[in-house]
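Here are my notes for a colleague who is opening this entry for the first time. Please keep the viewer beside you and go through the points in order.

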Amino acid sequence: MLNWAVSRRTWSFRERRARGTSPAFVMGAREIRQAIDWGELGPLRFRARQVAEGAYAGLHRSALRGAGVEFGGYREYVAGDDLRRLDRRSLLRHQRLLVRQFETETDRALCLVVDASSSMAFRGPAAKGSKIAFAAIVAAALARIAIVNGDPVSVTFAGDERVQSIARSSGREQFERIVAALETLEPGGDAFADPGMLDRALLSLARVARRGAIVVVLGDLLDWASGAAEKVASLASGGRVLAVVQTLDPAEADFPFSGTVRLRALEGGHVVETDADATRAAYLDALGELTRGWRESLARRGGRFLSATTNDSLTGLVRSIVQTIR
Amino acid sequence: MTFLSALALSMAVLVVAPYLAHRLRRKNAEEQIFPPARLVVPAPPEARRRSRLEDRALLVTRGAAVVVLAVLGATPFVRCSQLSLHRAAGASIAMVIVVDDSMSMRAVSGGGTRLERARRGALELVSSAREGDSIAVVLAGTPVRVELASTTDLGAARQATLALTPSDRGTDLEGALTRAHELLASAPQADRRIVLLSDLADGRADGEPLSGAGDTPLWVALPELAASRVDCALVRADQRGSRVHVEMACGPGQSAAGRELVVEDAQGSSLGRTPAPGGDKGETSVFLQRGDAKADRVRLTGADAIVEDDVAPVLPEAARGTLAVVADATDEAVATGGAPIVEQALGALKLDVDVAPLPAVPDTVDELANRLGVVLDDPPGLTPEQRHVLAGFVGSGGVVLLALGPHAAAAPLGATFEPILTQAVSWDDTTQRGVQASTVVGGLAESAESLSDLGATRRTLLSPADAALFQPLASWTDGAPLVARRNMGRGEIWIVCLPFSLDASDLALRPAFLALLHEWLQVALDHAAPLRGVVGASWSFPGARSVRVEGPAGPLEIARETGVARVSTPWLGVYRVTVDERTEPRVAQVDPREVDLRPRRVAPGPAGADSIGQRRELVDVSGYVALVLLVLLTIEMALRLSSRRTLVGA
């Protein structure tokens, strides 16, 4: 498989000798749904709970708590609605029972978008796990926080057509479904060869993310087309809260190579031979420019941008995300 | 070369070891997965160049060290030989180095040309000279030249030796040795010697042996150059319509059998080919595939000792020069009939010229174009147009023979002989019976006796002013000129104070008359610029105001001797000669003697010459090789230190 091959290629010779030739590592990992190079991050279920509990204590707010202040429209009265919200003017003028809705009372669903393209399978020599593993834990932790608070959660993957998104739902079973899907996720797809990859994911998301929903995008943002930032930023409209979390490998953030290196991208087929020492500054500038572009695009639409590496604290990152979307 | 030398030198194959080590050490950049690779700036050329530069310096140094080490291992078996001066008495010496720079020295022997070896030998001799020694350098290519007069400035001698360049000249060894003796005659040193650096191939292999003069020994320092080789040369090539006539020459007993003559155009395309003629001399014609093709050169295929003479330029065959004769057919005819007597006399000379009788002196310039000369037999004066045409002809190099008689003396008013003569001539009775033999000079001298009793009752007398302008070649017994000449412009005027008519005198019946015509015709041929000449010959341009000569390798320096411009042609090929803004091509062709590479014999030197002369020494180069090795090792250490500092700094 691709990520397995990638992992083999990026390990040092000594690591391969110690780990890659182990039958337990090669076969057993596949049998326990080791599609993702979890490294030191797994197992996902316990890790997600641990991260969520460490994150939401004292920080989380319920989607249904407190009265709303932002008018969100009318709807027909159904039995059980709070009579204090019955619109008396509509009753007197139109003889209809309408209930006034406020923003805090609309659906506070959590919509997770996880980049599952090939590049997310990368794990550098100094990383604790692959980028997809890191993103999966963060997604699971956020899902757990939402579900515990009664909010529905959906997960959309931006990858090849084999990965199936998880429809919006709530409850404990939904968390199990999400965890199972993340554990068996097999990154794939090439954003350069398949420019519609992101569009499909956003279209799927638009169907479930209604007004007031929280959208969290997890990905490396490296291989999406130049207009991707604007497309993703458009999710911040319509009363939705958008947070984009750029997930990078430490090697991608620091460019630790030295001497003459030949680098091959996982998407787009780019192969570059360069003098790492001479071009490190130019690479970091280019990466900074990319990040700045996303940050500015999101800021113009009211979105939030976070950046992390896979060696960063998971709990701290989830806490930052929760604080960002409050 | 002994077995040990070969074994030691074979170790030089280890020169590839550093390269192999470098190849093994220099691995390709390992490919690594890196998702944001598209954000990385490619810079492989810079990286590789830096790596290559560092590696190359070390590689070359180590490779050279291995080779030098192998050579050092072969010493003292490997030695170099060089020329040096031997001083029996320890006193300073006077030496003339005669270097043969003729075409035969272009022959390749021992990996280089003979001239290169001779130049190295001359440098070795100069290097072995010391303060107080005087050195002169004489070049034996025709004409003999003194490249460096005797000097004690060894730096100048070295510079003169380094400046020696090959040429295509002929060889004049005897002239060069004579010149060397002249240079040594005034030298203050008691120890004098002549060193000859030549292949001794001067085309006179059967001539007298070369020798020194008096006590001055002659040392042929490089006898290995005197080796007979096979050589053939293309002497000339003329295009006549659709065929090219080629003349070639080979060394005695040699031939170009099996080789081909190829005619090529300016772009190098073949226009035609034919087998080369056999024998040491031969002519053949190459028929061109297209009649309108313009041949540029002829090439002799195959290889021989000298490559440069296997190519000859092709020139269109020049129109044969003609003599214009203006004579009165009635007065000048002989009793037996036929052409005027001057025409018959010119025909009797059997020269390769045509005679064109003209009814009168032309009054247009075109009619005298391509004429070798003009003979005017007692013309009745010249009209202004004729004078203008004749002045232009003479001024541009033409030669005129003017016989003055009764018609000339009776020229009508306005028909003068200006600018040849400024005043009228007179046709007077004379009692002088002939020419004073002592006044006859030049080619006429041998026939002076035949003019001692000329049968002439009347003769033409010049005015004293005109007589003073001419140089008499033969004078009457009273001193009046009979034959005289003067230069005018680039041409010459010859006058004869008797007409050629037998009615006036019996001059035309005297042997001296033919000698006169022959002498005059030779002058005319000399003035008519020859299209071809042997390389090394001097071209003179008397009367020319401005001369430019562009040779195959650039412009040539014009020398002026007594006001006459001269130029020597050092190379084969086509020259563009511009004289007074008139340009014409000329060709310097091979001296056929230069293809004879047989060496000339050398007479044994005087007794004791060896003891006071020279020797060859063997020089052990071990010390030099070891020094080079030491330098290389130092350079390698410096390079390694430098690269280590660079790494630490990085």
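Two residues are in contact, or touch, if their C-beta atoms, placed from the backbone, lie within 7 Å. Helices (H or I, at least four residues) and strands (E, at least two) are DSSP runs, numbered from the N terminus.

1. Ground rules. This is a predicted model: local features need pLDDT of at least 70, side-chain atom pairs count only at pLDDT 80 or more, and totals for chains, interfaces and linings use all residues. Residues are numbered from 1 along each chain as its sequence is written, while chains are lettered from A and ligands numbered from 1 in the order in which they are written.

2. A helix pair in chain B. Start with helix 4 (residues 114-128) and helix 5 (residues 154-162) of chain B. From helix 4, Arg119(B), Ala122(B), Leu123(B) and Val126(B) meet Leu154(B), Ala157(B), Arg158(B) and Thr161(B) of helix 5. The residues of this contact divide into 5 nonpolar, 1 polar and 2 charged. Here Ala, Val, Leu, Ile, Met, Phe, Trp, Tyr, Cys and Pro count as nonpolar, Asp, Glu, Lys and Arg as charged, and the others, Gly among them, as polar. The two helices pack at an angle of about 175°, with their axes 9 Å apart. Helix 4 of chain B is therefore roughly antiparallel to helix 5 of chain B. Axes are lines fitted to C-alpha atoms, for helices over the stretch in contact, and angles run from 0 to 180 degrees between N-to-C directions. Angles under 35 degrees count as roughly parallel, over 145 as roughly antiparallel, 65 to 115 as roughly perpendicular and the rest as oblique.

3. Arg117(B). This residue lies in helix 4 of chain B. Is Arg117(B) buried or partly exposed? Arg117(B) counts as partly exposed because it has 19 C-beta neighbours inside 10 Å. The cut-offs are 20 or more other C-beta atoms within 10 Å for buried, 12 or fewer for exposed, and partly exposed in between, with C-beta atoms placed from the backbone. Leaving out residues up to four places away in sequence, Arg117(B) touches Gly110(B), Gly112(B), Leu222(B) and Leu225(B). Leu222(B) is 105 residues away along the chain, yet the two C-alpha atoms are separated by 8.5 Å.

4. Chain A overall. Chain A has 12 helices and 10 strands. Of its 326 residues, 44% are buried. Among its contacts between residues at least 6 apart in sequence, 79% join residues at least 24 apart.

5. The cores. A nonpolar core is a set of buried Ala, Val, Leu, Ile, Met, Phe, Trp, Tyr and Cys residues joined through C-beta atoms within 7 Å. The largest one has 84 residues, and Leu112(A), Ala143(A) and Val215(A) are among those with the most contacts inside it. Helix 6 (residues 131-148) of chain A gives this core its largest share, 15 residues. A second, separate core of 65 residues includes Leu368(B), Leu390(B), Ala484(B) and Phe513(B).

6. Where the chains meet. 18 residues of chain B are in contact with 30 residues of chain A. On the chain B side, strand 1 (31-33) and helix 3 (44-74) each supply at least two residues. That side divides into 13 nonpolar, 1 polar and 4 charged residues. Strand 8 (residues 260-264) of chain A runs parallel to strand 1 of chain B, joined by 3 bridges. Arg264(A) has Ile33(B) as its bridge partner.

7. Two strands pair if DSSP finds at least two bridges between them. In chain B, 5 strands form an open sheet in the order 27-34-33-29-30, with mixed pairing. Strand 27 (532-534) and strand 30 (554-555) each have a single partner strand, so one side of each is left without a neighbour in the sheet. Strands 27 and 34 of chain B pair in the parallel sense over 3 bridges. Strand 33 and strand 34 (residues 582-589) of chain B run antiparallel, with 7 bridges. In their hairpin, which has 2 residues between the strands, Asp580(B) takes a positive phi near 50°.

8. A three-stranded sheet. Chain B also has an open sheet of 3 strands in the order 28-32-31, with antiparallel pairing. Its edge strands are strand 28 (538-541) and strand 31 (559-561). Neighbouring strands of this sheet are turned by 35° against each other on average, direction ignored.
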